Amino acid sequence: MPHVNITPSDLSGADCVVALDVGGTDIKGGVVDANGGLVYSERRPTGRTDGPNAVVAGIVDFAEALRDRAVEIGGVPRAAGVVVPGIVNDPAGVAVWSASIQWREVPLRSLVADRLGLPAALSHDVRTGALAEGRLGAGRDCDNFLFVAIGTGLASVLVLNGRPYPGAHGQAGEIGHITVRPGGGKCTCGAVGCLEAHFSGPAIAHAFAEAAPGDDPPLSAAQVVARVAAGDRVAAAVWGKGLSAFADGLLTGLALYDPKLLVIGGGLSLAGEQLFNPLRTLLAERAVVQHVPPLVTAALGDEAGCRGAGLIAWDTLEVRG
């Protein structure tokens with residue numbers, strides 16, 4: 001069953017857009033007004049265990065349901081924005097590849113546009129999260145910052161002069177797939193020792209299940225963090241080891257990009273000071289040539305991707321004129 005987070009407002013005939021943020025665990029969907037605000041929000045499971053074709057079908061069905069919901073609450077849907085993990089060819093509207101979902105070369109923009117009968121935009125989830133944080137959130141007063149999102153996966157985006165930098169092939173910022181622990185855990189991408197394999201929601205949950213087997217069902221990363229706060233020594237050791245890998249990955253990013261600000265979002269950012277206090281200490285202790293900038297939590301929380309999807313939908317309408 002879908003989980004509705006926000007009681008819908010009456011849009012009273014106002015224009016709006018449909019927004020979807022596809023994650024490895026769930027899809028956050030919403031109706032976004034002209035100010036970038038979520039007037040309605042709903043979540044559904046991604047269902048990646050059913051295979052990539054089922055995930056694609058679920059995305060398109062969810063987009064249609066959101067369009068219909070927008071009409072029900074008095075809105076006039078004008079466009080749709082969809083953001084996904086992995087490698088994305090924004091201009092072509094193609095989801096090229098995702099380690100967490102295991103799809104390849106999916107023409108998702110056209111699939112959504114055809115079903116809804118509306119213009120659609122497709123982009124990378126973390127790039128659009130950075131866009132939203134830059135326009136609406138923690139990076140609003142900063143023209144140069146590094147945004148890092150930690151959830152089912154881990155990725156980063158460099159924002160330059162207010163615009164997320166995609167790279168030459170849409171692959172910039174895949175910090176989760178840099179090697180931080182040679183010979184370490186195997187990543188979903190197929191490589192060994194990737195940051196994402198050592199610090200992400202699934203990585204923390206898996207590491208704790210190995211260190212303290214017996215929980216049925218196994219604890220989630222959020223539950224492991226709660227155990228850390230409660231003084232559980234095994235959870236603290238697992239969390240500390242993951243944070244150590246994360247700090248090393250961030251130091252690589254700081255050496256490459258030298259941002260004015262470091263903004264951290266995604267589900268694991270909700271760990272709050274259980275994350276930020278030790279991370280600040282690790283970065284300060286290990287930095288050699290790197291300048292360690294202020295470290296802040298994303299202001300939009302896990303809504304950043306969905307609100308960013310709304311922004312790219314509105315941007316599509318502006319481009320079309």
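What are H1 and H2 to each other: roughly parallel, roughly antiparallel, roughly perpendicular or oblique?

Tutor: Happy to. This is a predicted model, in which local features need pLDDT of at least 70 and side-chain atom pairs count only at pLDDT 80 or more, while totals for chains, interfaces and linings use all residues. Residues are numbered from 1 along each chain as its sequence is written, and side-chain values use heavy atoms, with hydrogens and water left out.

H1 covers residues 52-72 and H2 covers residues 108-116; these labels are DSSP runs numbered from the N terminus, with helices (H or I) of at least four residues and strands (E) of at least two. The two helices pack at about 40°, and their axes are 10 Å apart. Those axes are lines fitted to C-alpha atoms, for helices over the stretch in contact, and angles run from 0 to 180 degrees between N-to-C directions. H1 and H2 are therefore oblique to each other, since angles under 35 degrees count as roughly parallel, over 145 as roughly antiparallel, 65 to 115 as roughly perpendicular and the rest as oblique.

H1 passes H2 in a right-handed crossing; that word applies if the near helix is turned clockwise from the far one by less than a right angle, and left-handed if anticlockwise. From H1, the contact uses Val56, Ile59, Val60, Asp61, Ala63, Glu64 and Arg67, and from H2 it uses Leu108, Leu111, Val112, Arg115 and Leu116; contact here means heavy atoms within 4.5 Å. These residues divide into eight nonpolar, no polar and four charged, where Ala, Val, Leu, Ile, Met, Phe, Trp, Tyr, Cys and Pro count as nonpolar, Asp, Glu, Lys and Arg as charged, and the others, Gly among them, as polar. An α-helix has 3.6 residues a turn, so residues three or four places apart point the same way.

Zoom in on Val56, which sits in H1. With 12% relative accessibility, Val56 counts as buried; buried means under 20% relative accessible area, exposed over 50%, and partly exposed in between (1.4 Å probe, protein chains only). Leaving out residues up to four places away in sequence, Val56 touches Trp103, Val106, Leu108 and Leu111. The C-alpha atom of Val56 is 10.0 Å from that of Val22, 34 residues apart along the chain.

H4 passes H5 in a left-handed crossing. Here Gly201, Ile204, Ala205 and Phe208 of H4 meet Ala221, Val224 and Arg227 of H5, giving five nonpolar residues, one polar and one charged.

Against H6, H4 packs at about 140° with the axes 10 Å apart, which makes H4 oblique to H6. H4 passes H6 in a right-handed crossing. Ile204, Ala207, Phe208 and Ala211 of H4 meet Val234, Ala235, Val238, Trp239 and Gly242 of H6, and these residues comprise eight nonpolar, one polar and no charged.

Pro217 lies in the loop between H4 (201-211) and H5 (221-229), and the peptide bond from Asp216 to Pro217 is cis, with omega near 0°. Asp258 has a positive phi near 50° although it is a residue other than glycine, and it is partly exposed at 48% relative accessible area. Asn161, in the loop between strands E11 (154-160) and E12 (163-164), also has a positive phi, about 50°, without being a glycine. With 69% relative accessibility, Asn161 counts as exposed.

Two last checks. Ser123 belongs to strand E9 (residues 120-124) and is buried at 6% relative accessibility. Its contacts, not counting residues up to four places away in sequence, are Val82, Val83, Val84, Val88, Asp90, Thr128 and Ile312. As for cysteines, there are zero disulfides, a disulfide being a pair of cysteine sulfur atoms within 2.5 Å. Cys16 is in none, and the nearest cysteine sulfur, that of Cys306, lies 13 Å away. Cys16 is buried at 0% relative accessibility, and Cys142 is buried at 16%.
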